[in-house]
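Here is a short walk through one protein. Keep the sequence and the 3D view side by side as you read.

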Amino acid sequence: MQRALTLTATRRLAVRRHAVALRFRAAAAMSTLLVSRPQYAWLKELGLEEENDGVYDGRWGGGGEVPAPKRGEIVRQIGDALRKKIKVLGSLVSLEMGKIYVEGVGEVQEYVDVCDYAVGLSRMIGGPVLPSERPGHALIEQWNPVGLVGIITAFNFPVAVYGWNNAIALICGNKLSISYDLFTFVCVCVQLNRIVANVLGQNNLPGAICSMTCGGADIGSAIAKDERVDLVSFTGSTHVGKQVSLMVQERFGRQLLELGGNNAIVVFEDADLNLAVPSTVFAAVGTAGQRCTTTRRLMLHEGVHDAVVERLAKAYKQVRIGDPWDPSTLYGPLHTKQAVEQYLAAVEQAKQQGGTIICGGKVMDRPGNYVEPTIITGLAHNAAIVHTETFVPILYVLKFKTEEEAFSWNNEVKQGLSSSIFTKDLGRIFRWLGPKGSDCGIVNVNIPTSGAEIGGAFGGEKHTGGGRESGSDSWKQYMRRSTCTINYSKDLPLAQGIKFE
């Protein structure tokens with residue numbers, strides 16, 4: 001793996017037009033460098049140049065020698081450095097990924113927030129002191145860094161997922177090797193690592209503690225297979241996650257998987273529709289359907305089905321579609337042409353399986369990977385397309401009669417990331433939260449499926465992978481635990497009263 005990382009990361013990374021291809025500009029301008037064009041002068045505020053060095057210098061560094069509170073201080077400095085660049089970094093996310101500007105800024109804010117969270121956590125990590133059954137003995141749990149954390153992440157949240165792993169893993173005392181695809185080239189491969197490396201350098205630590213690579217499946221496979229990588233944290237599709245999981249398991253490695261979600265909102269007859277309708281629009285249309293927490297299934301009680309569909313259709317027509325950099329835009333393009341093809345294929349499959357398109361269903365006649373946000377009704381709850389996570393803005397609307405039916409439909413898909421109900425029934429709320437309710441890792445009431453907070457453990461069950469990033473006790477995944485018994489007496493009693501004389 002070291003050779004692959006060296007060859008990839010130490011290339012001089014050119015910020016070229018084709019690497020961050022704007023979908024809204026004419027092909028004639030493709031030969032110039034973005035950083036040299038007046039409209040992108042803000043790139044220089046980030047310290048970007050025509051050529052930008054990689055960071056891997058042949059040594060990993062790190063390893064937990066710095067005390068945890070001091071590690072927290074370094075992460076605090078990273079958060080402060082990000083605060084100074086939050087708007088330009090948000091612009092860069094929007095430029096490369098295609099999400100609207102406010103979401104780009106919000107994603108950088110998420111990294112800042114998790115840095116704040118990690119700073120406090122750095123003074124709280126610890127295991128219990130347990131009562132020993134043997135006189136003159138102490139029983140404690142000791143937590144230590146796992147070592148090297150290999151992070152393989154996805155295009156849709158290039159800053160936030162980096163931040164979750166980076167901040168928590170660093171305060172736990174680990175070193176990191178982060179791998180990104182070529183679709184998030186400048187944002188993560190150059191600028192974020194530049195900020196982190198500068199902070200590390202100011203604290204007399206090697207920048208290679210957080211090494212960065214940019215490549216494809218070859219780099220991801222190298223990280224997954226290499227026994228020097230103590231923990232592999234993978235964020236991406238369930239399909240690729242299975243491959244990564246098998247490679248890591250083959251060597252009995254540790255893994256943290258954040259995979260797909262086929263998330264549902266359930267709206268009951270007593271729901272406040274003034275909450276349910278805008279929540280559904282935000283969760284289904286935001287980021288053009290390219291979130292793992294996007295709402296893909298909307299289950300409506302038969303008593304409110306028609307009214308909600310009518311209100312949703314009106315709301316969809318008012319969604320402001322355009323350039324992600326325009327502050328008034330609410331909905332931007334899909335990330336790639338491949339995503340557009342997946343959108344068209346899903347629409348066609350839905351029609352073949354009995355679905356009716358209420359709105360959307362077409363590619364938009366404008367430059368870029370724009371498709372219409374789409375609502376489809378009339379499908380069976382167990383239709384094949386309904387059980388398929390397509391990473392595009394298509395919402396399947398299902399009609400149900402009973403609570404038992406709705407809960408069952410929510411749980412019948414293979415993924416188990418996020419879920420939400422809208423109701424005023426207190427008993428139903430606690431049934432939803434309980435053992436016979438939602439089987440997802442995120443279980444919400446009267447809010448959308450998206451919009452997770454820093455303090456709560458983020459992740460899901462079943463084919464979502466079972467991992468948890470950020471929040472709660474997720475730090476434990478970045479550390480190894482030792483149960484330690486200390487005999488401070490002059491005797492040697494055995495546990496469970498065993499005599500061996």
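Start with the whole. The model is a predicted one. The protein has 501 residues, and 54% of them count as buried. It holds 13 helices and 19 strands. Take the contacts with a separation of 6 or more: 73% of them join residues 24 or more positions apart. The accessible surface comes to about 21,600 Å². Carbon and sulfur atoms hold 53% of that surface.

In general, strands of a sheet pair through backbone hydrogen bonds, either parallel or antiparallel. Look at one pair here. Strand 5 and strand 6 are joined in the parallel sense over 5 bridges. Within strand 6, S179 stands opposite I152.

Turn to the interior. Nonpolar side chains tend to be buried together in soluble globular proteins. The largest nonpolar core has 65 residues, and L82 and Y111 have the most contacts inside it. Among the elements that give two or more residues to this core are helix 2 (68-84), helix 4 (101-121), helix 5 (160-171), strand 5 (148-152) and strand 6 (175-180). Helix 5 gives the most, with 9 residues. Which residues does Y111 contact, leaving aside its neighbours within four places in sequence? They are I78, L82, V159, Y162, G163, N166, L192 and V196. Another core, of 51 residues, lies apart from the largest one. Its members include A264, V277, V285 and A350.

End with one residue. N165 lies in helix 5. Is N165 buried or exposed? N165 counts as buried because its relative accessible area is 0%, and the cut-off for buried is under 20%. What does N165 touch, not counting residues up to four places away in sequence? It touches I151, L176, S233, E469 and Y478.

How values were computed
Residues are numbered from 1 along each chain as its sequence is written. This is a predicted model: local features need pLDDT of at least 70, side-chain atom pairs count only at pLDDT 80 or more; totals for chains, interfaces and linings use all residues. Side-chain values use heavy atoms; hydrogens and water are left out. A nonpolar core is a set of buried Ala, Val, Leu, Ile, Met, Phe, Trp, Tyr and Cys residues joined through side-chain atoms within 4.5 Å. Buried means under 20% relative accessible area, exposed over 50%, partly exposed in between (1.4 Å probe, protein chains only). Helices (H or I, at least four residues) and strands (E, at least two) are DSSP runs, numbered from the N terminus. Contact means heavy atoms within 4.5 Å. Accessible areas come from the Shrake-Rupley method with a 1.4 Å probe; for residues, only the protein chains shown count as cover. Two strands pair if DSSP finds at least two bridges between them.
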